[in-house]
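Let's walk through this structure together, one stop at a time. Please keep the sequence beside the 3D view as you read.

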Amino acid sequence: MKRIMLLLLLIMILLGLFTVHFSLVAVASESAEGDPTPPSGGGGGGGGGGSQVYYYYLPLVFTKEYPTSIYITSGFQTQILTEFLVNNTSILNLDPGKTLRIAPEQISNIKNGSLILSSAPLQVIVASENISQTEDLSFGYSVLPARMYGYRFVNTLPNALIQVYSLSPNNEISLIPSSLERVSQIYNVQDARSAYSFQAEIGDEIQTSRPSIVVSLTINSTRGSVATLLLPSFLKGKNFQGVPVAFSNNTDAEDISSLHLWSNTTNRVLIQYEDGFTTSLAMSNKTSYYIVPRNPVHGLITQITSEKDLTITWMPTAFFGGQIFGAATQLTALEEMNAAEFFAFPKLKFGGTFALFAREYPTSFLPVYATDTSYFLYSEPLNLTTPAIVSVSDESLNQTLIPLMRTPSSGVGYSASPTHVPPQASLAYSLFPLNSVSFNSSVTGFNSSWYRFADLVVAQITSKPADPEELSSLKIFVTVKNNGTLPVGSFQVQIYIDGKLKLETRIKFLEGLGEKVLLISRFESYGQHNVNVRVNIDILNEVSESSEENNQAFATIRVGTNPRVRVTAILLAVFISWRISKRLSKIFKLRKTREHAEADLVLGASEI
């Protein structure tokens with residue numbers, strides 16, 4: 001009886017250690033097709049107003065010797081606020097299609113990083129128009145809105161002064177040289193809204209831990225001073241339709257313009273000309289290549305495509321009167337220009353030439369100009385089979401020309417006339433779209449914004465094995481995703497298991513639409529139990545997102561018994577019980593035998 005009781009007790013103890021059940025509660029996740037919806041509404045039909053706000057912080061690489069002019073153009077009626085004074089006021093009204101030139105003598109209290117705040121997208125150009133009969137010290141560049149700041153840039157100017165400006169504190173700037181002969185440098189900028197400057201060479205890569213805007217400047221009195229906005233890596237690509245042309249064939253100046261191609265890795269580039277001729281270019285790792293926009297036999301370049309991302313800098317340059325007039329601007333890749341359909345050709349002091357490149361041909365655009373109240377056609381719609389090149393001067397147009405493209409496009413502008421007496425400033429700059437969402441959503445299917453946004457989410461929480469069991473290893477995978485198309489820099493992630501912090505880590509960079517998988521490994525104890533998972537991302541609110549409401553997720557993983565372990569445990573319990581029973585039985589028999597022997601001895605002794 002005792003043996004049976006002991007056996008049942010052991011079986012009950014072992015059975016109590018195991019349970020069977022598993023379930024994974026679905027985690028709320030988010031997906032996006034194309035660009036995410038802008039925060040606080042996006043306007044309609046390309047409207048730039050509504051409740052959107054655009055922040056333009058001016059990175060200034062100017063000194064007293066190079067006074068700053070600022071050009072501001074919008075396609076919409078808007079009011080702008082400035083952190084500096086313009087004719088003793090900081091509130092400016094901008095009419096649709098008008099270009100506001102703020103001359104150096106009108107500006108006071110301006111500093112590096114001064115803010116221009118607008119309710120509509122703007123074309124903002126900062127420029128030094130310093131030029132004389134003996135030297136060209138003029139340069140200029142466009143300014144990206146703060147929501148388009150990036151983390152990775154490539155310098156394409158020689159002996160350049162690089163300026164990095166960030167809104168966030170603790171910005172770690174890494175300069176990665178293109179040559180192994182030089183050593184990488186790291187600069188730490190602790191203060192918010194701070195600029196930092198250093199020297200760099202062609203092909204040097206600049207990486208930042210915080211969203212930044214970067215300008216590259218080369219001062220050269222004999223070869224022409226140039227500056228360019230360094231485009232963030234997410235605006236690079238593999239498709240460039242056409243190239244700009246700075247000077248016509250009948251100019252008295254010698255056109256020595258060029259395109260500078262840079263590839264960070266081994267690459268193959270195809271270059272196509274007007275007559276259909278195509279040539280192939282093999283580029284090795286971290287190399288430069290210069291080509292001229294116009295071939296004397298095959299005409300203009302109409303398309304440049306590559307197998308991998310390419311950085312192209314257009315360098316319009318002219319030689320006249322023993323002097324070189326130069327400028328530079330990096331080109332945006334067409335595949336990165338979703339919803340870029342509405343532009344403005346800024347009316348600069350010296351007029352200008354503009355080039356537009358459509359993603360698809362044939363296409364057309366409507367050249368319009370704006371008055372205070374409405375838009376008017378400047379000419380009939382232009383059908384394009386090749387890139388459009390338009391010249392605008394003070395005499396030819398009283399208003400800013402605004403091309404409305406029928407397909408997403410990119411563009412550049414250039415202002416110079418080296419044959420003018422006195423010579424005019426040479427400025428090159430990127431054209432950025434003025435529509436906040438696509439005009440052609442009903443035609444092309446695009447309904448997105450070129451102005452990028454980040455959106456961090458916990459895409460999913462999964463486990464391996466899919467049916468976890470007790471007394472076995474369990475791996476928990478947490479997928480953090482950027483559902484937006486704007487890359488994000490450093491942010492913090494916390495993972496809690498059953499209310500206890502098990503993992504705290506920092507993701508240093510996440511591409512647009514990119515994801516990062518985090519892993520927690522553990523060994524499950526016996527018995528039925530739940531594993532409660534909680535994930536918090538961007539816990540310090542370091543990333544500006546289109547939605548801040550989806551940075552937390554929960555999941556419950558329920559762990560159950562392993563039937564194989566249960567059967568094994570039962571068999572083991574039976575075996576142990578049998579062995580114990582057998583051992584006890586043997587002990588009992590030995591004890592009985594000893595007792596009988598002792599009794600016999602006692603009986604024998606009594607008989608004696």
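Begin at lysine 464, which sits in strand β36 (residues 456–464); helices (H or I, at least four residues) and strands (E, at least two) are DSSP runs, numbered from the N terminus. What you are looking at is a predicted model, in which local features need pLDDT of at least 70 and side-chain atom pairs count only at pLDDT 80 or more, while totals for chains, interfaces and linings use all residues. Residues are numbered from 1 along each chain as its sequence is written, and side-chain values use heavy atoms, with hydrogens and water left out.

Is lysine 464 buried or exposed? Its relative accessible area is 56%, so lysine 464 counts as exposed; the cut-offs are under 20% for buried, over 50% for exposed and partly exposed in between, with a 1.4 Å probe and protein chains only. Leaving aside neighbours within four places in sequence, lysine 464 is in contact (heavy atoms within 4.5 Å) with Ser473, Leu474, Lys475 and Phe477. Serine 521 is 57 residues away from lysine 464 in sequence, yet their C-alpha atoms are 9.6 Å apart in space.

Now step from lysine 464 to proline 465: the peptide bond between them is cis, with omega near 5°. Proline 465 belongs to the loop between β36 and β37 (473–482). Most residues other than glycine have a negative phi, and most peptide bonds are trans. Asparagine 109 has a positive phi, near 65°, and lies in the loop between β6 (107–108) and β7 (115–118). With a relative accessible area of 58%, asparagine 109 is exposed. Asparagine 170 also has a positive phi, of about 55°, and is found in the loop between β11 (160–166) and β12 (171–176). Its relative accessible area is 49%, so asparagine 170 is partly exposed.

Next, turn to some covered strands. In β16 (residues 226–230), 5 of the 5 residues are buried. In a regular strand the side chains alternate between the two faces of the sheet. Here Val226, Thr228 and Leu230 point one way and Ala227 and Leu229 the other, and all are buried. Strand β15 (residues 205–218) pairs with β16 in the antiparallel sense over 5 bridges; two strands pair if DSSP finds at least two bridges between them. Within this pairing, serine 216 has threonine 228 of β16 as its bridge partner.

Phe325 leads us onward, being among the contacts of glutamine 424, together with Ile131, Phe350, Ala416 and Ser417, neighbours within four places in sequence aside. Where does glutamine 424 lie? It is in the loop between β34 and β35 (427–431). Even there, its relative accessibility is 12%, so glutamine 424 counts as buried. Serine 138 is 286 residues from glutamine 424 in sequence but 8.9 Å away in space, C-alpha to C-alpha. Serine 415, in strand β34 (residues 409–415), is buried because its relative accessibility is 0%. Beyond its neighbours within four places in sequence, serine 415 is in contact with residues including Leu348, Phe350, Ala425 and Leu427.

Finally, let's zoom out to the whole chain. The secondary structure comes to 3 helices and 42 strands, and 52% of the 608 residues are buried. Among contacts between residues at least 6 apart in sequence, 75% join residues at least 24 apart.
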